[in-house]
Amino acid sequence: MADVVAALDQGTTSTRCLLVNHSGEVVASHQLEHEQIYPKPGWVEHDPDEIWDRTQIVIRRTLEQAGIQGEGIAAVGITNQRETTVVWDKKSGKPLHPAIVWQDTRTDGICRELTRDGGQDRFRATTGLPLSTYFSGPKIRWLLDEVPEVREAAARGDALFGNMDTWLIWNLTGGVSGGAHVTDVTNASRTQLMSLSSLDWDSEILDVMGIPAAMLPEIRPSSDPALYGTTSKRGAFGRAIPVCGDLGDQQAALYGQTCFNAGEAKNTYGTGCFLLLNTGTEVVPSNSGLLTTVAYRIGSEPTVYALEGSVAIAGALVQWLRDNLGLIASAPEVEKLANHVDDNGGMYLVPAFSGLFAPHWRSDARGVMVGLTRFIRKEHIARASLEATAYQTKEVLDAMHKDSGVELTSLKVDGGMVVNNLLMQFQADMLDVPVVRPRVNETTSLGAAYAAGRAVGFWSNEAELRENWAADQEWTPRMESDERERLYAGWRKAVQRTLDWV
């Protein structure tokens with residue numbers, strides 16, 4: 001009998017494989033980074049072949065670490081960086097262009113052209129999304145316009161599109177030898193091509209964007225008892241295992257945090273920062289700059305929706321301090337550096353490197369440091385960098401309250417940055433609610449594992465999953481309201497300085 005479920009977590013900076021037991025504990029894992037490619041200012045790319053190669057390596061090393069073979073695995077679930085766009089040739093299996101990453105802004109001209117007839121919210125009623133460089137649809141359009149190999153393959157009917165989940169599932173289930181070309185409702189909802197009501201590709205939007213429907217994967221539930229397919233026996237798992245769970249990374253974290261009821265929310269602090277609020281089985285439109293998105297769909301159960309606030313740069317700002325400025329040698333050093341000062345010294349750092357996402361949606365914005373004086377040292381810059389993530393989260397949560405009327409009593413958090421105690425305390429201070437970190441922080445991977453396990457009966461229901469969740473640490477607010485308002489007013493003023501730069 002199988003003892004674990006495998007989760008493949010394909011993120012913006014790395015790929016990892018984890019094995020999760022029935023108690024929701026990670027029993028083995030391995031992770032590898034992949035290259036971040038910046039061909040031009042505002043352009044961000046990945047090599048899909050490199051990611052697939054590293055996926056196979058992390059699978060093998062995780063199995064070796066656990067000392068098990070494929071027969072010990074009940075199912076495989078996928079979670080992935082969303083909106084990152086790959087187009088490949090179904091006959092050769094080769095990518096026709098590097099993957100265009102979700103942070104990439106090269107489609108700004110396409111988005112501006114589309115707004116001329118109907119504005120930025122032209123497709124929002126159908127898709128829940130404003131027109132933005134963030135989403136996959138305009139990226140596909142750019143590839144068709146600018147890359148002859150993509151255009152020619154599409155004309156022949158040989159071009160396949162997918163976000164990273166689709167690319168991995170296709171390769172895992174056989175690739176050119178019958179690989180499944182599928183995605184789930186959460187990833188499809190991030191393309192700007194799917195109707196939230198029908199859960200199918202919208203023919204009118206496809207016509208407007210000039211995207212052939214034949215390129216697109218079949219849309220399936222996030223947890224699918226019918227299976228997307230099985231792993232190839234010649235692959236890294238070594239035998240046929242059901243592949244039946246698929247969630248975009250932020251929806252996976254929501255599911256892994258067991259936010260199953262309307263009104264429950266989580267925030268993930270990774271490369272970007274993503275706050276999701278479960279709104280139940282009703283589509284809740286946003287009037288405050290948030291995204292309406294699919295949270296998950298389990299088998300034939302009703303689809304669950306969410307409001308989302310997406311922040312483009314969170315942990316990536318710490319990487320920038322390390323890689324671009326050389327201010328720190330490793331990411332954990334930022335907290336130690338920031339702790340040498342009591343406050344930000346009156347300076348703010350707004351990391352609008354790829355424009356501003358929720359709730360502003362301004363692709364013309366660019367990053368700024370403001371309030372600089374001779375008093376400012378690198379310690380203040382480190383502290384301002386951490387505080388920027390907390391301020392951006394507060395902006396999103398304020399917008400979420402306007403749209404939903406829900407008053408949060410606490411916020412569940414996960415992601416790489418939640419080990420930073422200074423940030424978590426400042427976040428609690430800014431939101432004026434407790435911030436709670438779970439015992440198992442790998443909630444994105446847990447969500448993918450849970451979705452796959454539910455499909456094959458490894459876990460029977462959501463009650464079993466809730467039993468696996470336990471708090472590890474809680475931070476409670478300590479800041480006076482006057483100080484909170486003073487600091488936040490400075491942040492809002494700093495944000496205004498980023499606008500109209502491009």
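I take a pocket to be an open set of points on a 1 Å grid over the protein atoms alone, with protein on both sides within 12 Å along at least five of seven lines; lining residues have an atom within 4 Å of a point. I join grid points across faces, edges and corners, and a volume is the space filled by probe spheres set on the points.

The model is predicted, so I note that local features need pLDDT of at least 70, side-chain atom pairs count only at pLDDT 80 or more, and totals for chains, interfaces and linings use all residues. Residues are numbered from 1 along each chain as its sequence is written, and side-chain values use heavy atoms, with hydrogens and water left out.

**Entry 1: largest pocket.** I looked up the volume and found about 1,100 Å³ for the largest pocket. Its lining has 42 residues. Nearest the centre are Tyr269, Gly270, Thr271, Gly415 and Gly416. Elements giving two or more residues to this lining include strand S1 (4-10), strand S13 (265-269), helix H9 (249-256) and helix H14 (443-456). Helices and strands here are DSSP runs numbered from the N terminus (helices H or I, at least four residues; strands E, at least two). H10 gives the largest share of the lining, 5 residues. I sorted the lining by class: 12 nonpolar, 20 polar and 10 charged. Nonpolar covers Ala, Val, Leu, Ile, Met, Phe, Trp, Tyr, Cys and Pro; charged covers Asp, Glu, Lys and Arg; the others, Gly among them, are polar.

**Entry 2: second largest pocket.** I read a volume of about 570 Å³. It is lined by 21 residues, and Tyr38, Val44, Trp320, Asn324 and Phe353 are the closest to its centre. The lining splits into 8 nonpolar, 9 polar and 4 charged residues.

**Entry 3: Asp249.** I placed Asp249 in helix H9. Asp249 counts as buried because its relative accessibility is 13%. The cut-offs are under 20% relative accessible area for buried, over 50% for exposed, and partly exposed in between (1.4 Å probe, protein chains only). Leaving out residues up to four places away in sequence, Asp249 touches Thr79, Asn80, Gln81, Arg82 and Thr444. Contact means heavy atoms within 4.5 Å.

**Entry 4: backbone.** Most residues other than glycine have a negative phi, and most peptide bonds are trans. I found a cis peptide bond from Ala358 to Pro359, with omega near -5 degrees. Pro359 sits in the loop between strand S17 (348-350) and strand S18 (368-370). Trp361 is also placed in the loop between S17 and S18. Trp361 is not a glycine, yet has a positive phi of about 55 degrees. At 6% relative accessibility, I log Trp361 as buried. Asp432 has a positive phi of about 60 degrees, and is partly exposed at 45% relative accessible area.

How values were computed. On a 1 Å grid over the protein atoms alone, a cavity is a set of points where a 1.4 Å probe fits but cannot get out, and a pocket is an open set with protein on both sides within 12 Å along at least five of seven lines; lining residues have an atom within 4 Å of a point.
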